[in-house]
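Welcome! Please have a look at the sequence and the structure first.

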Amino acid sequence: MQSVGYNVDRKDILPDSPGVYKFFNEDNTLVYVGKAKNLKKRVLSYFNKQTGVNRKTIRLVKEISTFDFVIVESETDALLLENNLIKTHQPKYNILLKDDKTFPYICILNEPFPRIISTRKLVKSKGEYFGPYSSVVAMNTVLDLIRKLYSIRTCSLNLSTSNLAKNKYKVCLEFHIGNCKGPCENLQTEEDYLEEISNARNILKSNISEVTNFFKRKMAESSTNLQFEEAQKYKEKLDLVERFQSKSIVVNPKLSNINIFTHVEDERWSYVNYMYIENGSIVKTQTLEIKKALNESPEDVLQTVAFDLLKNTPYLSNDILSNYNFSVGEIHSQLPKIGDKHKLIQLSIRNALELKKNKILNKPLHDKTVIVLGQLQKDLGLKTVPNHIECFDNSNIQGTNPVASMVCFRKGKPSKKDYRHYNIKTVIGPDDFASMHEVVKRRYKRLIDEKQALPDLIVIDGGKGQLSSATSALKELNIYGQIPIIGIAKKLEEIYYPEDKYPLHISKKSVSLRLLQHLRDEAHRFAITFHRDKRSKSSLVSELTAISGIGPKTYKDLITVFKSTSKLKQATIEEMIAVVGNKKANIIYNYFKNKKEE
């Protein structure tokens, strides 16, 4: 779009009238379109000293080279023109409606003996359209109901008066199975057919009460005339309608002709849910994601979206419910706090939040990791993003076979090649505090000696005692204060800092707490697995070395080849002979064989 152009120093020519303003850059490209009750005040607000509330606005103002404007009669006209210009030119600083899907409609075609079809193309000259529907399933449910209630043709024959007079067509299978009354052979009058179309239109408009009243009246007439089979048919159709209605009612059936718009957001996106309610049923629903360009307020976003959705809809009414105050023309939104209308707003907000949640879940893995680590940095008050985290845990049973583990997470994901097992060397008996001191000191002394990078965060599985022991190890290495260190206690998921009297509580729903729990659980799993394997090997060593003629060296030779005790027990005599010779192999093989028989 090219500008006829006024230079930015000609802002004084702007009138005090409603209208639309357009900003262009040096290349004469339209970069922003806005509406205003007062063009002069609105445009000048970009260039006064108060401008620059956010970086995007500053960037926009720096990019403006020329401007243009259009005066209109009212704010509503300005909103319409702004909407059309944004849709046509998509300026980069305007909000972007991420709604590229084509939604399905139901159409009653303009033709003799009109058909009712589904379509995704909205060509108003072809017929009367209803929708759009939020999904094909919802649309097909309505179509299926109509075809069960009424005899609507599905063929594409041209049933003009001249063609019917010539007897060009014959009835098809649909007639023989009772789904069509044969208008192609003049077996059904056009007047009777149009009455069925009129009744079907009530379904499409959600005038369910008129449909049920019609079937009740027909059922009563048939019963009065002793036409009980006909009455039963109307009764079955009435049941179909009532079942359909009971599934679709979400609030009081007296609530009708209500538009609902709700808004939730994050830093970059707005999420707007729209619902239309008729006779207590959700007739139409749509959820959109809108990319914010200049940190637009929820009210501005809702006004833009509501105007765009309602400008060509038959659903516009004086009842617009929302969680924010905004207006569409002369209609202002209502913010009910209690009752059925409040329930509808909460339902709409849940739909908007669902889209927001799905947006986060569908982010590329890298984006989700950045979000989680950023949240962890914020929750723990860290100076840097903790891309490298190490977590320690101890494991022993009444002091036997004490071990420890260290697991490493890089960029929020386990880095298993960096996991480490530790046999406790200097501690006698069940002393978790001393064990933690030993392994932390051993780990970081080695990293310092080998000049490897230290982690961004150390996590200790335990409370104040374990954390204090780990802290003392860092002090002995003269690196205390260089690495943030915390303890996480299992019972209440409390986060402890060294020398802090009270623990930190992170929200149970926080993604950062889930990451810390994942770290803690992985360290615990790794320690328990190592402890179990060590205990099993220790048990077998004691068991075998108790046999006369078998010592630790024989066990070591066997376990080196067979890798695990279970494989050793399943080995054949020939396999054992190949490792330890005939005599010792027979002793061990017979020992396992006798034990199995016992």
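Helix H13 (residues 432–449) and helix H14 (residues 464–476) have axes that come within 8 Å of each other and cross at roughly 35°. This is a predicted model, in which local features need pLDDT of at least 70 and side-chain atom pairs count only at pLDDT 80 or more, while totals for chains, interfaces and linings use all residues. Residues are numbered from 1 along each chain as its sequence is written, and side-chain values use heavy atoms, with hydrogens and water left out.

**The helix pair**

- The crossing of H13 past H14 is right-handed (the near helix is turned clockwise from the far one by less than a right angle).
- On the H13 side, the residues in contact (heavy atoms within 4.5 Å) include Phe 433, Met 436 and Tyr 444, and on the H14 side they include Gly 465, Ala 470 and Leu 474.
- Seven nonpolar, five polar and three charged residues make up this contact of H13 with H14 (Ala, Val, Leu, Ile, Met, Phe, Trp, Tyr, Cys and Pro count as nonpolar, Asp, Glu, Lys and Arg as charged, and the others, Gly among them, as polar).

**The sheet**

- Three strands form an open sheet in the order S7-S6-S8, with antiparallel pairing (two strands pair if DSSP finds at least two bridges between them).
- Strands S7 (116–119) and S8 (127–130) are at the edges with a single partner strand each, so one side of each has no neighbour in the sheet.
- S6 (residues 105–109) and S7 run antiparallel and are joined by four bridges; Ile 108 has Ile 116 in S7 as its bridge partner.

**A helix across the sheet**

- Helix H7 (residues 190–204) lies across S6, S7 and S8 and runs at about 160° to S6.
- Helices (H or I, at least four residues) and strands (E, at least two) are DSSP runs, numbered from the N terminus.
- Axes are lines fitted to C-alpha atoms, for helices over the stretch in contact, and angles run from 0 to 180 degrees between N-to-C directions.
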